[in-house]
Amino acid sequence: MAFFRSGKKTEPGISLVANNCEVEGDIHLNDQLLINGVIKGNVYAREGVKAVVTVSEKGCVKGEIRVPNVIINGKVIGDIHSNKHVELAAKAEIKGNVYYNLIEMVMGSRVDGNLVKICAGEDADQQTGKQAEPTAVENNESEHRVETEDLSISPKSPLRVTPVKSKTA
């Protein structure tokens, strides 16, 4: 069954996975997807679209999300790749890495994984090949500093991080 026909343009719209639905398999989208139910599979946006995925408080995704704009207030078990904007609301629970260009985290959101900054328009896979693995180093003030060999971060402006296994805003 083909949902996307290559010859016709479709009207913009919002697709809904209702709270009484469970979808198994990958989803490819062009516009908006609101997830109130469960998706067991990956969520992908087509190239060059301004797609938005919203996972509500009752929603859950067990798979990877690769969409330019992501809003999470539910659970995601898998990596999130966003080259535009990620918003983690108060009840967001992520078990995986978040690759982002711009991120908003509200108090109460939780990420069990790494937060990885990428450049706008670049894929996270391209970005991870360029950067060295960050390492935490203690300085005299008992604060931690991240140092990398990436040339875009100057040694005079270190990033301040607190080393924790689980990150909660």
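**Salt bridges and sheet**

Me: How many salt bridges does the count come to?
Reply: The count comes to 4 salt bridges, each being a side-chain nitrogen of Lys or Arg within 4 Å of a carboxyl oxygen of Asp or Glu. This is a predicted model, where local features need pLDDT of at least 70, side-chain atom pairs count only at pLDDT 80 or more, and totals for chains, interfaces and linings use all residues. Residues are numbered from 1 along each chain as its sequence is written, and side-chain values use heavy atoms, with hydrogens and water left out.

Me: Which residue does K40 pair with?
Reply: E22, with the closest N and O atoms 3.2 Å apart. K40 is in strand β5 (residues 38-40) and E22 in strand β2 (residues 22-24), so the pair ties together parts 18 residues apart in sequence. Strands here are DSSP E runs of at least two residues, numbered from the N terminus.

Me: What about E57 and K91?
Reply: Their side chains form a salt bridge at 3.5 Å, N to O. E57 lies in the loop between β7 (52-55) and β8 (60-62), and K91 in the loop between β13 (85-88) and β14 (93-95), so this pair links parts 34 residues apart in sequence.

Me: Now the sheet. What is the strand order?
Reply: The open sheet has 6 strands in the order β3-β6-β9-β12-β15-β18, with parallel pairing. β3 (27-29) and β18 (115-117) each have a single partner strand, so one side of each lacks a neighbour in the sheet. Strands pair if DSSP finds at least two bridges between them.

Me: How many bridges join β12 to β15?
Reply: 2 bridges. I80 stands opposite V98 in β15.

Definitions and conventions:
Helices (H or I, at least four residues) and strands (E, at least two) are DSSP runs, numbered from the N terminus.
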